[in-house]
Amino acid sequence: MLNLLNKRLFWYLALPIIVINGWALLQIFQYFGRIITIAVSATLLSFLLDYPVLFLQRHRVKRNRAVILVFLVALVIILVLGIILIPLLLEQLTGFIEKLPSWLESGNQQLELFDQWASKRQLPINFTVWTNQFTESLSSQLQDITGEIISFVVNTVGRIFDILITIVITFYLMLHGDRLWNGIFNWLPNNLEIHIRKSFKQNFENYFIGQATLACLMGVSMTLSLLFLGTPFGLLFGIGIGFMTLVPFGTALGVTLVSLLITLENFWLGIKVLIVIVLIEQAIENFVAPRILGRFTGLNPVWILLSLLVGVQVWGVLGLLIAVPLAGFVKNTVNYLRYYAEFNP
């Protein structure tokens with residue numbers, strides 16, 4: 001009984017210290033935000049590129065040659081896609097912003113026609129009361145979001161020095177990353193080192209490999225289906241859904257938003273698009289995603305949402321990407337420390 005009371009008292013006293021240390025770390029992260037962003041981005045890229053390197057090593061290609069080959073191929077692919085896709089996406093994004101008011105007006109007209117049809121049949125349906133407020137709010141929010149996306153892309157492209165530094169660090173992490181991580185993990189006790197290595201790999205490397213693969217598959221399939229259906233701005237919407245797949249629950253949100261926007265412009269086209277992309281999304285989520293992702297985090301959906309909110313508040317887009325694996329890593333480590341403390345008093 002006394003031991004249990006002492007443990008509870010310890011945690012009650014430790015909680016304020018943990019909160020203060022967390023606040024201090026947050027201030028440090030914000031102060032060194034640019035450096036941390038470069039380091040984290042390079043680390044994530046090295047995680048992604050390490051898998052084809054390991055594939056080449058299994059086929060008797062030396063590590064250094066495999067790293068150089070994979071790095072050069074990835075660099076060429078990124079440059080080609082950037083030169084081709086970024087101008088097209090920016091063009092479609094600006095065109096979408098210009099078309100958005102007319103789409104919203106078309107949506108209002110369709111709802112007014114539906115209200116007239118319902119009133120003739122004496123149905124208790126009336127959308128005209130809240131339609132104007134909803135469309136005005138949707139228009140302003142979408143314009144704000146698209147404006148932020150444009151500014152983010154322009155600022156990212158404008159930071160040439162940061163991009164070059166990220167590329168260089170990524171290359172060196174691919175070559176010498178093992179020695180770096182071994183040097184960091186060697187500071188930990190042996191039992192904790194083994195757990196941290198396993199949890200880190202499970203929650204970061206595997207998560208990002210699976211999520212990136214899923215996002216590519218979702219983006220390509222959605223883009224092709226939208227272009228086949230003759231959807232306006234199909235490339236923008238398809239790639240947008242693919243990027244949103246990088247974040248948990250992002251696919252469902254992207255599918256809903258794209259379907260709603262297309263429905264405003266053309267109701268029946270929106271219905272067809274909704275049916276097709278939902279079928280594709282469900283097929284990938286139910287048959288492909290479990291094989292790729294598995295159960296990496298073991299987090300409750302509520303904690304996933306909270307971690308996403310905290311991540312985007314602290315680090316923006318990068319925080320949104322690393323929030324879930326970081327939360328899973330923290331959860332696994334805390335559970336391990338509690339288990340170790342209980343059985344090794």
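Biologist: Which residues in H5 meet H6?
Modeller: From H5, Trp181, Asn182 and Phe185 meet Glu193, Ile196, Arg197 and Phe200 in H6, where contact means heavy atoms within 4.5 Å. This is a predicted model, in which local features need pLDDT of at least 70 and side-chain atom pairs count only at pLDDT 80 or more, while totals for chains, interfaces and linings use all residues. Residues are numbered from 1 along each chain as its sequence is written, and side-chain values use heavy atoms, with hydrogens and water left out.

Biologist: At what angle do H5 and H6 pack?
Modeller: H5, residues 160–185, and H6, residues 190–228, pack at about 135 degrees with their axes 10 Å apart, and they are therefore oblique to each other. Angles under 35 degrees would be roughly parallel, over 145 roughly antiparallel and 65 to 115 roughly perpendicular, with the rest oblique; they run from 0 to 180 degrees between N-to-C directions of lines fitted to C-alpha atoms.

Biologist: Stepping back, how many helices and strands does the chain have?
Modeller: The protein chain has 10 helices and zero strands, both taken as DSSP runs (H or I of at least four residues for helices, E of at least two for strands).

Biologist: Is H7 enclosed or open, and why?
Modeller: Helix H7, residues 234–244, is largely enclosed by the rest of the structure, because eight of its 11 residues are buried, meaning under 20% relative accessible area, with over 50% exposed and anything in between partly exposed (1.4 Å probe, protein chains only). Among the buried residues of H7 are Leu235, Leu236, Phe237 and Ile239. Across the 345 residues of the protein chain, 34% count as buried.

Biologist: New topic: how many aromatic pairs are there in the whole structure?
Modeller: A search finds six, a pair being rings of Phe, Tyr or Trp (its six-membered ring) with centres within 6.5 Å, stacked when the planes are under 30 degrees apart, edge-to-face over 60 and tilted otherwise. Phe171 and Tyr172 make an edge-to-face pair, 5.8 Å centre to centre with 75 degrees between the planes, and together with Phe71 they form one aromatic cluster.

Biologist: Is Tyr172 buried, partly exposed or exposed?
Modeller: Tyr172 counts as partly exposed, at 49% relative accessibility.
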